[in-house]
Amino acid sequence: MRKCNNFNFREFKFAQTMIFAINEINRDSNLLPDVKLGYKIYDNCGTMDILRAAMSLASGQRREIYENNCTEGDTVQAILGHSGSRPTISFAQIVGRFHIPVISHFATCACLSDRKKYPSFFRTIPSDYYQSRALAKLVKHFGWTWIGAIAVDNEYGLNGIAKFIQSAQEIGICIEYYEAFSQTWPAHKQSRVIDTIKQSTSKVLVAFMSHREIKVLAAKLYKQNITGLQWVGSDAWITDHSLTDSEGHSVLVGSVGFTVRRAQIPGLKEHLSQVHPSKFPNSQFVKDFWEAVFDCSLNGATKTAVRKPCSGSESLRDVESQFTDVSELRFTNNVYKSVYAVAHALDDLFKCEEGNGPFSNGSCADVKHIKPWQVLHYLGAVNFTTEEGEKVYFDSSGDSPATYELVNLQRTNKGTMGGVPIGIYDASLAESHQFVLNDISAVWGGGLSKIPVSVCSERCHPGTRKVLQKGRPVCCYDCVPCALGEISNVTDSIHCMKCPLEYWPNKYRDTCIPKEIEFLAFDETMGTLLAMFSLLGVFLTVIITLVFYCHKETPLVRANNSELSFLLLFSLTLCFLCSLTFIGRPSKWSCMLRHTAFGITFVLCISCVLGKTIVVLMAFRATLPGSNVMKWFGPAQQRLSVVAFTLVQVLICILWLTISPPFPFKNFQHFQEKIILECALGSAVGFWAVLGYIGLLAMLCFVLAYLARTLPDNFNEAKFITFSMLIFCAVWIAFIPAYVSSPGKFTVAVEIFAILASSYGLLFCIFLPKCYIILLKPEQNTKKHIMGKTSNSDISY
């Protein structure tokens with residue numbers, strides 16, 4: 001037998017817990033009455049010793065026991081252990097061929113759930129399959145999407161981290177790097193792993209390792225001053241008390257991870273405190289343990305020169321030791337449950353009734369010659385509840401219910417590290433209720449002042465979308481603002497969505513708001529100015545009308561056809577007023593009114609000007625000898641011509657309103673970010689017919705006035721009419737391209753400007769010179785001056 005280098009207090013505590021449970025069962029009159037359980041404990045000093053021990057247990061020799069005429073079985077009925085996944089994998093396949101049940105309290109490798117490879121394996125600790133998924137959900141919960149992963153270089157670590165990476169990637173977590181590590185590796189291989197961690201940008205490190213490897217790794221990181229990492233640990237090391245004894249353990253403060261839930265085992269502390277070499281005189285375990293605890297030598301051993309002899313009065317009650325500490329029983333409770341699982345299986349086997357048994361023809365097992373495969377059958381059906389209320393059973397893969405406690409490593413008052421519970425995970429519950437966290441803000445441990453952030457790219461806020469960076473994982477992306485007219489209202493959105501037609505994004509592009517509705521309103525600057533100019537035109541027209549009315553008997557007013565002048569002033573007033581209908585929110589009636597009123601009033605206006613022009617031409621022709629032309633264009637004919645010209649426009653407007661009238665229209669084309677509320681023309685032909693007719697009359701009036709330009713200066717109103725028609729035509733010719741190209745409310749403003757400009761042109765060109773003479777040059781307002789020296793005829797109209 002080889003000599004082991006050190007003593008593992010934890011494993012010795014597990015062994016004593018098994019002894020305690022067996023003694024407790026042997027004293028129980030309800031469980032396995034009249035049956036005593038025995039045990040054999042083997043050292044686990046290396047894999048070869050473990051395999052040798054397993055083979056010894058599988059092929060034990062038959063031995064007679066004369067007390068009570070009992071017989072010890074050929075082989076053991078069950079094997080409890082090992083604590084590690086790798087040793088368990090080594091021997092579980094071998095003893096599985098002999099159908100001997102193997103129950104582990106600490107081997108978590110998911111690979112052991114393979115019933116084809118390990119047909120007789122059970123465990124009272126959850127499989128790493130559930131722990132890996134729980135760790136992935138934990139990482140996701142804290143928003144860590146950019147992490148590193150490291151595993152011990154054996155089946156436990158590699159299988160566990162592989163399951164974790166698979167679960168993490170399924171829920172959107174990216175792995176920056178993945179490394180294996182072993183304490184037995186040469187220094188250069190370990191340094192390569194350290195360099196990878198040092199150069200990484202992730203702040204979270206998930207470690208599927210044993211307590212031995214994590215000590216070595218933490219010490220090396222500490223020596224290189226690599227701190228500030230958030231560790232996420234597996235149950236193999238997260239609550240191991242020996243971490244405090246390692247160099248650089250401070251880098252692990254703040255670590256979080258899942259472990260089995262704590263439990264209480266009544267009477268265990270008393271049993272552990274009573275352990276003494278005298279009770280186990282042949283046990284090398286107890287001897288090594290005692291010497292390690294009290295630093296003395298038993299029975300004059302070879303180390304006498306180094307250690308003083310033990311006095312024999314030493315007691316575990318007098319010392320504080322991890323061995324006797326039962327304040328946080330986790331994996332120790334799994335050992336306890338393992339023993340009771342075997343006991344319940346044997347109890348069911350002994351209570352079997354012939355004819356109702358589980359074997360062929362309803363037979364039961366021979367209690368004098370129990371076979372391990374029979375115990376294996378009953379063990380698979382075990383289902384009981386401990387005194388703590390914990391249910392114990394195994395599924396078809398030999399696994400126990402997956403229930404974990406989430407702990408956070410914090411410094412204790414004694415200067416050590418301890419796991420503070422901050423949540424639970426129960427895989428048997430519904431998906432949404434499996435993971436429950438406490439208020440961790442007050443308990444997050446020492447090394448980190450707050451929960452760290454570990455992402456490849458910062459989160460994309462609402463109003464932006466994620467665009468992946470070429471050649472990098474999906475967690476690495478750029479945040480691009482949503483395109484014009486699109487929003488995103490959630491964080492880390494992949495797509496932006498278009499706003500409905502009548503909505504537009506706000507300035508943050510995270511919500512759609514109703515578009516601004518634009519129209520030429522009275523309360524805005526441009527609308528106010530145009531309305532003021534319109535009213536000013538009305539006011540000036542009224543003033544001129546009053547001036548003409550007060551001087552209606554004067555030669556100048558009479559000579560300028562007072563009836564047509566007053567009608568023209570009335571029509572100009574209507575022209576100024578009709579521009580007001582273009583201002584304000586368009587409605588069904590305002591749309592129909594503004595265009596038809598504009599068309600009719602302007603035709604009325606031009607008809608009056610045309611009448612005046614014709615009167616001027618006819619008047620001078622009437623002065624020629626023998627001319628009788630004025631009788632064909634007297635006052636009645638003038639009125640009739642105005643009515644006729646206006647009636648044509650009225651008919652055009654009626655047809656327009658009947659066939660396809662103007663209507664309010666929401667224009668989405670000119671501007672994407674706002675709605676232009678305007679009046680659609682309805683029938684474009686009707687609109688251009690109205691304008692065309694006005695233009696035709698204006699051109700006719702311009703031509704006639706141009707022909708009359710050579711008449712005597714003193715009476716030449718044709719020059720003013722010509723100039724006014726020139727302004728009128730220029731304005732409306734310029735209006736056409738401006739109207740077509742102006743966007744939104746400016747279209748309406750251009751139309752109002754054209755109306756006002758042409759109206760002011762007519763008003764000023766035709767009436768302003770006359771008002772000047774009437775008011776400022778009354779000496780020229782005489783019949784003689786008006787007739788001039790070119791004619792002696794008394795012309796009266």
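Author: Buried means under 20% relative accessible area, exposed over 50%, and partly exposed in between (1.4 Å probe, protein chains only). The model is predicted, so local features need pLDDT of at least 70 and side-chain atom pairs pLDDT 80 or more, while totals for chains, interfaces and linings use all residues. Numbering starts from 1 along each chain as its sequence is written, and side-chain values use heavy atoms, without hydrogens or water.

Helices (H or I, at least four residues) and strands (E, at least two) are DSSP runs numbered from the N terminus. The protein chain has 20 helices and 26 strands. Of its 797 residues, 51% are buried.

Trp146, Gly148, Ile150 and Val152 point one way. Ile147, Ala149 and Ala151 point the other way. Both sets are buried.

Now its partners. Strands pair if DSSP finds at least two bridges between them. E6 runs parallel to strand E7 (residues 174-181), and seven bridges join them. Within that pairing, isoleucine 150 has glutamate 179 of E7 as its bridge partner. Helix H5 (residues 155-170) carries the chain from E6 to E7. This β-α-β crossover is right-handed (clockwise from the first strand over the helix to the second, with the strands pointing away from the viewer). E6 also pairs with strand E8 (residues 204-208), again in the parallel sense, over five bridges.

The largest one holds 69 residues. Among them, Phe598, Met725, Phe728, Trp732, Leu762 and Phe767 touch the most other members. Elements giving two or more residues to this core include helix H12 (525-550), helix H15 (588-622), helix H18 (717-741) and helix H19 (745-776). A second, separate core has 58 residues, and Ala151 is one of its members. Leu229, Tyr404 and Tyr425 belong to this second core too.

Contact means heavy atoms within 4.5 Å. Beyond its neighbours within four places in sequence, leucine 762 is in contact with Leu572, Cys605, Ile606, Val609, Ser724, Met725, Phe728 and Phe767. Across the protein chain, residues 24 or more positions apart account for 66% of the contacts with a separation of 6 or more.

Some backbone details lie in loops. Most residues other than glycine have a negative phi, and most peptide bonds are trans. Asparagine 225 has a positive phi of about 60°. Asparagine 225 sits in the loop between helix H7 (211-223) and strand E9 (230-233). It is exposed, because its relative accessible area is 61%. Arginine 509 also has a positive phi, near 55°. Its loop lies between strand E22 (503-505) and strand E23 (512-514). Arginine 509 has 27% relative accessibility, so it counts as partly exposed. The peptide bond from glycine 81 to histidine 82 is cis, with omega near 0°. Histidine 82 falls in the loop between strand E3 (79-80) and helix H3 (85-96).

How values were computed. Core = buried A, V, L, I, M, F, W, Y, C linked by side-chain atoms within 4.5 Å.
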